[in-house]
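User: I have a model open and would like to talk through how its parts sit together. Can we go piece by piece?

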Amino acid sequence: MGKVQMPDGKKMACCFCFDIDAMALWLGFFRSPTANPLSRGEFGPRVAMPRILDILDKYSIKATFFTPGHSAKLFREVVQEAHRRGHEIAAHSMYHQPSEVGLAMSGVEPASPDEQRVYLEQQIELLEKTVGERPIGFRSPIGDWLGEHVPQHLIDLGFVYDSSLQGHDFLPYRLRIGDTIQTEEPFEVTWGQPSELLEIPLHWDTNDFAQFEFMGYYLDPKNPWFNPAPFHTPSQSKEIFTSSFDYCYEHVPGGIWNTILHPQCCGRDFKPAWLESVIQHVYAKPGIWFTTMREAAAAWQDDE
Ligand SMILES: [Zn+2]
C-alpha cells in the first residue's frame with residue numbers, strides 16, 4: 001500500500017482544497033452564458049477569494065487551489081495572490097468542460113485522446129506562466145474521466161498526484177492502469193498494475209456546492225442555473241463536514257481529509273462564517289498536519 005509519512009506528532013493530514021471555477025463553471029460545464037450565472041462565477045475570485053484568503057491566514061493554513069486555465073487567465077492577480085500567500089495552485093481543466101476528460105456531457109462531444117492531452121498542456125502552460133510554478137496535481141472538472149487517457153497523459157506530463165477518484169475515502173493509493181472493463185454482461189473486469197500516479201481520493205460529502213447549491217437539474221443544459229434555496233442549513237452542513245473529519249481522525253490514522261470547496265459558494269453571504277466554524281472544529285483537535293496536497297504527496301512512501 002504505502003503511506004503518507006506524517007511529521008512528528010501528527011496523526012493525520014488536513015488539506016483544505018478550493019476549486020476556483022469562476023466563470024468557466026458556467027461557460028464550460030453548465031453552458032449557461034447568461035448574466036446571472038456569469039455574475040455568480042465572477043463573484044468567486046473578485047469578492048469571495050479575498051475573504052477566504054484572510055480566513056486561511058488567520059489560522060496559518062496553506063491550502064490547495066485547483067484552478068482552471070480559464071480562471072488563471074481571467075483573474076490572474078487573484079491566483080497570483082493565493083500563490084504569494086503560500087498556497088498551492090493545482091490544475092483543474094482548461095475550461096471546466098467534461099469533454100476535456102473524455103466525457104460526453106453538457107451537450108458536447110468528448111475530446112479525442114490527443115485533444116485531451118492538448119487541454120492538459122494548455123492549462124499547465126497557463127498556470128506556470130501565472131504563478132511561476134508548474135502544477136503537479138490535477139482534479140478533474142467533474143471528478144471523473146472515461147478510459148485511461150487522462151491518467152496516462154497526467155503521468156507523461158509529469159503530474160505527481162490526482163485527486164478525482166474514490167477508491168478509498170482517506171488514504172492515498174497508487175492509481176492502477178491497464179484494467180479491462182467489459183461494458184456489457186457479464187461485465188468482466190481484469191486488474192492492471194499500479195502506476196506512478198498517486199491518487200489522493202476526494203469525497204463528495206465535503207463539497208460545499210453539493211451541500212448548499214447543487215440541484216440535479218443543473219446538469220440539464222436546458223434549465224441549468226435556477227437555485228431556489230440551499231439544500232442544507234449551515235449547522236446541518238457543518239455536521240456533515242465535521243463528521244467526515246471526525247471519522248478520519250478517530251478511525252483512519254495517517255489519512256488525508258480534504259474538501260471540495262468553491263469560493264463562489266463558500267465565500268458568499270453566511271458561508272464564510274460557516275467555513276470558519278468548520279476550520280475551528282478541525283483546528284481544535286491535536287495532531288493535525290495542515291498542509292497542501294503537494295506537500296502531502298511529497299510525503300508519500302511506497303512499501304518496500
Ligand atoms: Zn470545479
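User: At what angle do the axes of helix 1 and helix 2 cross?

Analyst: Bear in mind that this is a predicted model. The axes of helix 1 and helix 2 cross at roughly 150° and come within 5 Å. An angle over 145 degrees counts as roughly antiparallel, and helix 1 and helix 2 are therefore roughly antiparallel to each other.

User: Which residues meet there?

Analyst: From helix 1 they are Ala22, Met23, Leu25 and Trp26, and from helix 2 they are Pro37, Leu38, Gly41, Glu42, Gly44 and Pro45. Sorted by class, that contact of helix 1 with helix 2 has seven nonpolar, two polar and one charged residues.

User: How many residues of helix 1 are buried?

Analyst: Eight of the eight residues in helix 1, which spans residues 22–29, are buried, and the helix is thus described as mostly covered. The buried residues include Leu27, Gly28 and Phe29, and what covers the buried residues of helix 1 includes helix 2 (35–58), helix 3 (69–74) and helix 9 (263–266).

User: What follows helix 1?

Analyst: Helix 1 is followed by Arg31, whose phi is positive, near 55°. As background, most residues other than glycine have a negative phi.

User: Which serines also have a positive phi, and where are they?

Analyst: Ser60 has a positive phi of about 50° although it is not a glycine, and Ser60 is found in the loop between helix 2 and strand 4 (64–67). Ser93 has a positive phi as well, near 85°, and Ser93 sits in the loop between strand 5 (88–91) and helix 5.

User: Ser60 first: buried or exposed?

Analyst: Ser60 is exposed, with 9 other C-beta atoms within 10 Å, given that a residue with 12 or fewer counts as exposed.

User: And Ser93, buried or exposed?

Analyst: Ser93 counts as buried, with 30 C-beta neighbours inside 10 Å, where the cut-off for being buried is 20 or more.

User: Another serine, then. Where is Ser164, and what is it in contact with?

Analyst: Ser164 has its place in the loop between strand 7 and strand 8, and it is buried, with 23 other C-beta atoms within 10 Å. If its neighbours within four places in sequence are left aside, Ser164 is in contact with Arg139, Ser140, Gly143, Asp144 and Leu202. Ser164 and Glu239, by C-alpha to C-alpha distance, are 23 Å apart in space and 75 residues apart in sequence.

User: In which sense do strand 7 and strand 8 pair with strand 11?

Analyst: Strand 7 (residues 161–162) pairs with strand 11 (residues 193–199) in the parallel sense over two bridges, with Glu199 in strand 11 as the bridge partner of Asp162. Strand 8 (residues 173–177) pairs with strand 11 in the antiparallel sense over four bridges, and there Arg176 stands opposite Pro194.

User: What order do the strands have in the open sheet of three?

Analyst: The order is 12-2-13, with parallel pairing. Strand 12 (256–258) and strand 13 (288–290) stand at the edges, each with a single partner strand, so one side of each is left without a neighbour in the sheet. The twist from one strand to the next averages 25°.

User: How many bridges link strand 2 and strand 12?

Analyst: Strand 2 (residues 12–15) and strand 12 pair in the parallel sense over three bridges, and Trp257 in strand 12 is the bridge partner of Cys14.

User: Back to helices. How do helix 5 and helix 6 pack?

Analyst: Helix 5 (residues 113–131) and helix 6 (residues 149–156) pack at an angle of about 45°, and their axes are 10 Å apart. Helix 5 and helix 6 are therefore oblique to each other, and their crossing is right-handed. The contact is made by Pro113, Gln116, Arg117 and Leu120 of helix 5 together with His149, Val150 and His153 of helix 6. By class, the contact of helix 5 with helix 6 has three nonpolar, three polar and one charged residues.

User: Last one: which residues does a cis peptide bond join?

Analyst: A cis peptide bond joins Glu185 and Pro186, with omega at about 10°, and Pro186 lies in the loop between strand 9 (180–181) and strand 10 (189–190). For context, most peptide bonds are trans.

Note on methods
Residues are numbered from 1 along each chain as its sequence is written. This is a predicted model: local features need pLDDT of at least 70, side-chain atom pairs count only at pLDDT 80 or more; totals for chains, interfaces and linings use all residues. Two residues are in contact if their C-beta atoms, placed from the backbone, lie within 7 Å. Two strands pair if DSSP finds at least two bridges between them. Axes are lines fitted to C-alpha atoms, for helices over the stretch in contact, and angles run from 0 to 180 degrees between N-to-C directions. Angles under 35 degrees count as roughly parallel, over 145 as roughly antiparallel, 65 to 115 as roughly perpendicular and the rest as oblique. A crossing is left-handed if the near helix is turned anticlockwise from the far one by less than a right angle, and right-handed if clockwise. Ala, Val, Leu, Ile, Met, Phe, Trp, Tyr, Cys and Pro count as nonpolar, Asp, Glu, Lys and Arg as charged, and the others, Gly among them, as polar.
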